[in-house]
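Here is a short tour of one model, taken a region at a time. Please keep the structure open beside the text as you read.

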Amino acid sequence: MTQDKDIDQYLTGDGVDTAREKEIGQHIGYRYDVNLVPDYDRLTPFLREYMEVMGWDDLNWLEDVHMGYEESRPAVFDRNINGWVTVPPDITLPDNQQDRDMIARELLIRFQMSERHPLVELNKAYRKF
Amino acid sequence: MEELGREHESHRMGMHTEQLTGRTQQVFFSPSEERNFTYRTGFDVDFNKRTELDVADMEATAINLELRRLMSEGYGTIVVKNPGAKHSLGVSILNRLQLYFEGSLGYFGCGLIDGPNVRVSGRVGWSFAENMMAGTVIVEKNAGSTFGAAIRGGDLVCKGDVGSRTGIDMKGGTIIVGGRTGVLSGFMMQRGRLVVLGDAGDNLGDSMYDGTIYVGGKIASLGVDAVTGEMTELDVQWLKRKLAIYGLETPNGVENMTKVVAGKQLWNYDNLEPTEKKLVL
């Protein structure tokens, strides 16, 4: 599991570690453990409120959101724009993946629901009904 | 065809002059961002505002448009009566909503949804909740094949048995089957969790890239590159919590469920073509 590895593995390195990765010159697989289920003792107040508004008993789709690492920077994958969104550099990352994942979930919701999200512009341009 | 000849609104907005420089977005959120929990493009609904809709004499398109109209009027709880196993009902709802179907649905029900909590009192046909993005969906009876095909997020629950290819190509989310599941369940799944409380048919998890399958009953056979994994304490806690939400239990206890994961021998980072690799395995 992720906790057993160096938490900053993909911040300090390029992810090209194994012999096969060195041979092909690229990292194989995700830059986080996609199978890691959330630890609900680490929920943030914002996420609790989000769950309540949506009428859910748990994180629902956010269970699949993790803090990833893209080009040696912490980032969150936003499926609605099919791209990585970088975390502001002034945010201090906790020392464990579970807390980092909770931050990633909160940041993603704030971004997706903001006026600055690209879907708002796309909606204006392409909405049919 | 007339539409093709017109300059699209997106051109007027200057969206086609943008220079794309890569897939990483440099800008993220502002700490002063307003707190908002729903999409800007969605409808503002109230769960306490309830209405009923009898669709016995309505076509599928008219039903879906009526659901949209009711949401635009702020209805947050909608009860659909007499769905009559019509196809493609309750699709493309990108909103928070409590939606109840009193009866059964046909093919492709509740596809492409993002947010609503749906409950179906009857059965559902093929490809139910295909491409689901978020929300909770509960089917009280049985479901057809390709249940939750290509699901990307949310909880999809069938309390009865389901057909073959459950969760085929799933890319996230959780599918829970209260009874048995058919052959090739979890075929080519890429992430997410498939929980089967009863038995699983042949070739479970065939060609899975990633994700996790938990089975409470017997597994007829594992597919290519699907291997058993070790249950962790976090897995057990998560399963207990998730099953309790939907009032489900596994007959032999969560601790005794079989966990299946990808052997990761089929990943396409090798000189062998996938079919050749399958022969080797």
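## A serine with positive phi

Let's begin in the loop between β9 and β10 (212-215) of chain B, where B:S207 is found. This is a predicted model. The phi of B:S207 is near 60 degrees, a positive value in a residue other than glycine. B:S207 has 19 other C-beta atoms within 10 Å, so it counts as partly exposed; the cut-off for buried is 20 or more.

## An alanine to set beside it

B:A150 also deserves a look: it is not a glycine, yet its phi is positive, about 55 degrees. Its place is in the loop between β6 and β7 of chain B. Because B:A150 has 21 C-beta neighbours inside 10 Å, it counts as buried. As background, most residues other than glycine have a negative phi.

On one pairing, β6(B) and strand β5 (residues 114-120) of chain B run in the parallel sense over five bridges, with B:T136 as the bridge partner of B:N117. β6(B) is also joined to strand β7 (residues 155-158) of chain B, in parallel, by four bridges. Here B:T136 stands opposite B:D155.

## Where chain B meets chain A

Between the chains, 46 residues of chain B are in contact with 42 residues of chain A. Elements giving two or more residues to this side of chain B include β5, β6 and α4 (233-245). The largest share, five residues, comes from α4(B). By class, the side of chain B that touches chain A holds 20 polar, 15 nonpolar and eleven charged residues.

Technical notes. Residues are numbered from 1 along each chain as its sequence is written. Chains are lettered from A and ligands numbered from 1 in the order in which they are written. This is a predicted model: local features need pLDDT of at least 70, side-chain atom pairs count only at pLDDT 80 or more; totals for chains, interfaces and linings use all residues. Two strands pair if DSSP finds at least two bridges between them. Two residues are in contact if their C-beta atoms, placed from the backbone, lie within 7 Å. Ala, Val, Leu, Ile, Met, Phe, Trp, Tyr, Cys and Pro count as nonpolar, Asp, Glu, Lys and Arg as charged, and the others, Gly among them, as polar. A residue is buried if 20 or more other C-beta atoms lie within 10 Å of its own, exposed if 12 or fewer, and partly exposed in between; C-beta atoms are placed from the backbone.
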